[in-house]
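Please have the coordinates open while reading.

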Amino acid sequence: MINYTEKESALIFKVQVVPRASRSEIVGEHGGALRVRIAAPPVEGAANVELVRLLARALGVSRRAITITGGHTSKLKVIRGEGVSPEALAALVAGDLLSRG
């Protein structure tokens with residue numbers, strides 16, 4: 001189960017990033033965080049850009065709705081998803097939305 005907080009119309013949750021993967025994909029849950037493999041290297045923010053793109057696409061929101069609020073240079077990041085519901089996050093973890101990534 002992913003730990004999250006609802007604040008106003010946004011969902012705040014943690015993401016564990018694995019950079020330099022063979023392809024970008026959402027793996028599932030790990031230690032209360034969403035585990036995501038990113039093909040981009042963690043150089044000059046490329047992995048962060050790819051993470052935002054992947055999450056936005058998988059959750060069905062615009063890229064502007066996904067913001068990294070903490071952990072910009074860390075593998076554990078705090079994400080704010082504007083307009084993301086707890087149900088959408090749960091479906092993502094369960095694998096129902098993984099094909100969108």
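Leaving aside its neighbours within four places in sequence, which residues is Lys 14 in contact with? They are Asn 3, Ala 33, Leu 34, Leu 76, Lys 77 and Val 78. The model is a predicted one, and the points below are grouped by topic.

**Lys 14**
- Lys 14 is part of strand β2, which spans residues 10-18.
- Its relative accessible area is 42%, and Lys 14 is therefore classed as partly exposed, since that class lies between the buried limit of under 20% and the exposed limit of over 50%.
- Arg 80 is 66 residues from Lys 14 in sequence, while the C-alpha to C-alpha separation of the two is 8.9 Å.

**Largest pocket**
- The volume of the largest pocket is about 180 Å³.
- Its lining consists of 13 residues. Nearest the centre are Pro 42, His 72, Thr 73, Ser 74 and Lys 77.
- Sorted by class, the lining has five nonpolar, five polar and three charged residues.
- Lys 77 lines this pocket and is also in contact with Lys 14.

**Helix α2**
- Helix α2 runs over residues 86-94, and Pro 86, Ala 88, Leu 89, Ala 91 and Leu 92 in it are buried.
- An α-helix has 3.6 residues a turn, so residues three or four places apart point the same way.
- The cover over the buried residues of α2 includes strands β1 (4-7), β2, β3 (25-30) and β4 (33-37), along with helix α1 (46-59).

Technical notes: Residues are numbered from 1 along each chain as its sequence is written. This is a predicted model: local features need pLDDT of at least 70, side-chain atom pairs count only at pLDDT 80 or more; totals for chains, interfaces and linings use all residues. Side-chain values use heavy atoms; hydrogens and water are left out. Helices (H or I, at least four residues) and strands (E, at least two) are DSSP runs, numbered from the N terminus. Buried means under 20% relative accessible area, exposed over 50%, partly exposed in between (1.4 Å probe, protein chains only). Contact means heavy atoms within 4.5 Å. On a 1 Å grid over the protein atoms alone, a cavity is a set of points where a 1.4 Å probe fits but cannot get out, and a pocket is an open set with protein on both sides within 12 Å along at least five of seven lines; lining residues have an atom within 4 Å of a point. Grid points are joined across faces, edges and corners, and a volume is the space filled by probe spheres set on the points. Ala, Val, Leu, Ile, Met, Phe, Trp, Tyr, Cys and Pro count as nonpolar, Asp, Glu, Lys and Arg as charged, and the others, Gly among them, as polar.
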